[in-house]
Amino acid sequence: MRTKLVVGNWKMNSGIEETKNFFENLIENSSLQNINHLMQVCICPPFTSLNTASQLLQNSTIALGAQDVSVNENGAFTGEVSISMLKELKCQFIIVGHSERRMYFKETDSLINKKAIKILEHKLTPIICVGETLEQREADETNEVIKEQINGVIENMSNEDLLKIVIAYEPVWAIGTGKNATSKQAEEVHLFIRKLLTIKSNINVSESISILYGGSVKPENAKELSEQENIDGFLVGGASLKVNSFISIIQSF
Ligand code: PGA
C-alpha cells in the first residue's frame, strides 16, 4: 500500500514568530492524535524558519521539509543552501521543481533531475513537481507536457531510486487561484503519470510511488480529491498556513 502524504508548502510566508505559533497550536491540537497513523504529514517552512520548526518538532511524528535546495554540495554559491545543511536541521523531504521555481527562476527538468538525484544520494526524499499551464491545457497538450517533464525529471534513476521519490502533480492554473482541478481531471493525470512510471520501470515500482495533487487544495475539496485511486496525498500551499484548515485537509484521508 502506498503511503499517504500531506505536505504543507508555506512558500515565502511565516517567519520565526508565526512558525512558533503554528507548531505550538498544531502539536497541541487533539484532532491530530486521531489521524490515520499510516499517513505522513510534512511541513516545508521557508529556510529561515527551519531551525525553529526543527526544534519544535523534536518529539513529533510530523516531518520537516525544505522548499528547494542547491544542486551543489558546498562552496562559492552565494545565496544557496546545501543538502547537508538541511540534513543538519533534520529535514526529511525537499520539494524540487515547483512551478514557481520553474517560472521565476528558470529551473529546467534537467536541473530538477540533478537536484533530485543529489537528494537521493543523501538519503532524503525529493518531492518532484510537474504540471501544465492553462495555455497548455487549453491547447490539449497536458499529456505531452507531463510526459516530457516526468521523463526529464526521472532521467538516470534506477528502480531503487524511483521507489524513494514522491511526485507532485500541480497544474499551474490551479496554484493559488482558488480553482482546483476537478477530481476527474486530477485522477486522469495521476493515472497517466503512473503509466509513464510503469514504462520507465515496472508495475511494482510504479504502484509504490506516491503521487500528490497540489493546486488550491482546501478543506472543501480535499475529501473528493482524496477518494481518487491514484491521488496519494496533497501538496498544500495557502491552506497549510492555518492549523485548522491544514488539519481538516489531513483528515480527508
Ligand atoms: P496552493 O499552492 O495550495 O496555494 O494553490 C499549492 C502549491 O503551490 O504547492
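Author: Arginine 101 lies over the face of phenylalanine 105, 4.1 Å from the ring centre; a charge counts as over a ring if NZ of Lys or CZ of Arg is within 6 Å of the ring centre and within 35 degrees of the ring normal. The model is predicted, so local features need pLDDT of at least 70 and side-chain atom pairs count only at pLDDT 80 or more, while totals for chains, interfaces and linings use all residues. Residues are numbered from 1 along each chain as its sequence is written, and side-chain values use heavy atoms, with hydrogens and water left out.

Rings of Phe, Tyr and Trp (its six-membered ring) pair if their centres lie within 6.5 Å; planes under 30 degrees apart count as stacked, over 60 as edge-to-face and the rest as tilted. One of the pairs joins tryptophan 10 and phenylalanine 22 edge-to-face, at 4.8 Å centre to centre and 80° between the planes. This pair links distant parts of the chain, 12 residues apart: tryptophan 10 is in the loop between β1 (4-9) and α1 (16-28), and phenylalanine 22 is in helix α1. Helices (H or I, at least four residues) and strands (E, at least two) are DSSP runs, numbered from the N terminus. Tryptophan 10 is buried at 1% relative accessibility, and phenylalanine 22 is buried at 4%; buried means under 20% relative accessible area (1.4 Å probe, protein chains only). Trp10, Phe22 and Phe23 form one aromatic cluster.

Technical notes:
Buried means under 20% relative accessible area, exposed over 50%, partly exposed in between (1.4 Å probe, protein chains only).
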